[in-house]
Amino acid sequence: MRALISAVYLFLYAPIALVVLFSFNAGRNASEFTAFSTVWYAKALGNTFLTTALANSLIVAFSSATLAAIFGTMAALGMQRLGGRMRTALDGLMAAAIVVPGVVIGIATLVALVEVFAFVNPVIAGIWPGDKPPQLGLGYGSIIAAHGLFSMALVAMIVKARIAGLGRDIVEASADLYATPWTTFHQIVLPQILPSVLAGFLLAFTFSFDDFIVAFFVAGSNTTLPIYVFASIRRGVTPEINAIATMVLVASLILILIARFLMREKKQKSPAVE
Amino acid sequence: MPLTMTAKRNLVTTSLLAPAVLWLFIFLVLPFIAMLVFSFGERAPAGGYQPALTLAQYANLPARAAAFWNTLLLAPAGALLCLLVAYPAAYYLAVKANPRYRLLLVSLIVVPFWTSLLVRTYAWMYILGSRGLPHLLDLIGISDVRLLNTPGAVLLGIVYGYLPLMIMPIYVSLEKLDRRLLEASADLGAKPVSTFLGVTLPLSLPGVMTGVALVTILLLGEYLIPQLLGGGKVFFIGNALVDLFLQSRNWPFGSAIAVTLVVIVVIVLTIAMRIAWKVSGSRQVDLV
């Protein structure tokens, strides 16, 4: 039994460890480690295509996660006040945003946006006073919207679970003590749901930062880091990709550890409140 | 005129929900309707879409039968293989592991799931590629082994990529299991094997169902693993979609395949939920 579980951990971590190890390899060869070196990191960070893709990824991840955290939390709070069919319908739509494969979300967004652009761009061109009318197209906006859709549903789910575990008595006590609804929200509800909102934000950020398939369809010319990595892999495995991969792993690891810490705190705190 | 309490409350609820509802409509419902419309259209001569009302795209689905077969065979096969590895691991974590380290051990299982699937799959390209394992095998005299770009590599990638997602729900249902039931079974003279088969296994079925359903549904839309480890030989529906939309620009046919994929996902989901309800009540799975 012990041997088996050790084998599982080895299976899970050995490939990752190998990539990390060889990212520090001085040589090009993937099957022998010659000497320790950070030369591939320097190469990777000096590559402007890569740094542009990284910047794009950070912009997209930050924007979509922020929007998702705000609107997802609002939706979770609003859904608490809903009942009956409206709530079932909204629950279903949120679940659909999570369950529908990313590849379909990407395609559907692409198909719909291209139609919208084909309709709107001539209209803008018609009423635009200057020579060069702005052209709507795929890019940051479309990736942020598509990533935010899934993330918002995720945040709403996490925050909803937290609100459900909150206990109505403390909210009612606050109202009995003549606090306005806003004061109750600000002083009672918000501090308690904040860790789960932050955790949702970080998960959304991680998802967006790691997503390849949705962005692949709707990115237009705004290449994100996973798209860049994917393209590089297809050109051939190089130690530079190992260095990039290691940096991506470390970044998502840090984010996920913070998110877990925030979620953990909620579990330990809740009994103390009662 | 001051608003009544109810009106005020409704106004607050509406404004809380408005952005989310708008977002869902503009970027989920409308795009899906657009795709449905596209799937009844025709490919424009230069690629893309031109309006029509035809079922030709759906009639043409058998042209991509290989992608459908690969997906419908390898996704459940991968999920079951995943289950075979995941169950003992979940059992160890929930029943045998030292409680002091349990949380840490469980965390170590989940962490890889939240790191980039692209990078983790790429790691296997590295290992299975000609300069990796086959090279080592060559050194000990076993030559010309081909590992990458085979169905086996895709299955391995699936098990590797989705193992954490399979372990977690099973772990959750095993962890909730009442230890006194196991003791009672032993007291009544049952051997460990019969206790496992008669008590533990049936009570963990909800977790097993959740795991298999989650992994299968995610695999139905998989793109990266078949692309990187199957090398264009083991195509999934996701790969066919990328090909049709981004390479051959046959949007109506692609839309028909995408609609079919969603229908398959819905069918699988419905079956899974039916079984899950039969097996037990609903269970929450904590993936984070």
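B:Gln227 is buried, at a relative accessible area of 13%, where buried stands for under 20% relative accessible area with a 1.4 Å probe, protein chains only. This glutamine sits in helix H10 of chain B; helices here are DSSP runs of H or I with at least four residues, numbered from the N terminus. Setting aside residues up to four places away in sequence, B:Gln227 touches A:Phe230 and A:Arg234 as well as B:Gly232 and B:Asn239, a contact being heavy atoms within 4.5 Å.

The model is predicted, so to speak of local features takes pLDDT of at least 70, and side-chain atom pairs count only at pLDDT 80 or more, while totals for chains, interfaces and linings use all residues. Residues are numbered from 1 along each chain as its sequence is written, chains are lettered from A and ligands numbered from 1 in the order in which they are written, and side-chain values use heavy atoms, with hydrogens and water left out.

Now for the interface. Here 76 residues of chain B meet 78 residues of chain A. Between them the two chains bury about 7000 Å², 81% of it on carbon and sulfur atoms; buried area is the accessible area (1.4 Å probe) lost when two parts are put together, summed over both. Nine residue pairs, both at pLDDT 80 or more, are in polar contact across the interface of chain B and chain A. A polar contact is a pair of N or O atoms within 3.5 Å; within protein, one must be able to donate a hydrogen and the other to accept it, and residues adjacent in sequence count only if both atoms are side-chain atoms. Among the elements giving two or more residues to chain B's side are helix H1 (5–38), helix H7 (151–175) and helix H10 (224–229). The largest share, 20 residues, comes from H1(B).

Beyond four places in sequence, the contacts of B:Leu93 include A:Ile5, A:Tyr9, B:Ile167 and B:Tyr171.

Over in chain A, A:Ser37 lies in the loop between helix H1 (2–23) and helix H2 (39–45). A:Ser37 is buried, at 13% relative accessibility. A polar atom of its side chain lies 2.9 Å from the backbone nitrogen of A:Val39.

Conventions. Buried < 20%, exposed > 50% of the residue type's maximum accessible area, 1.4 Å probe, protein only.
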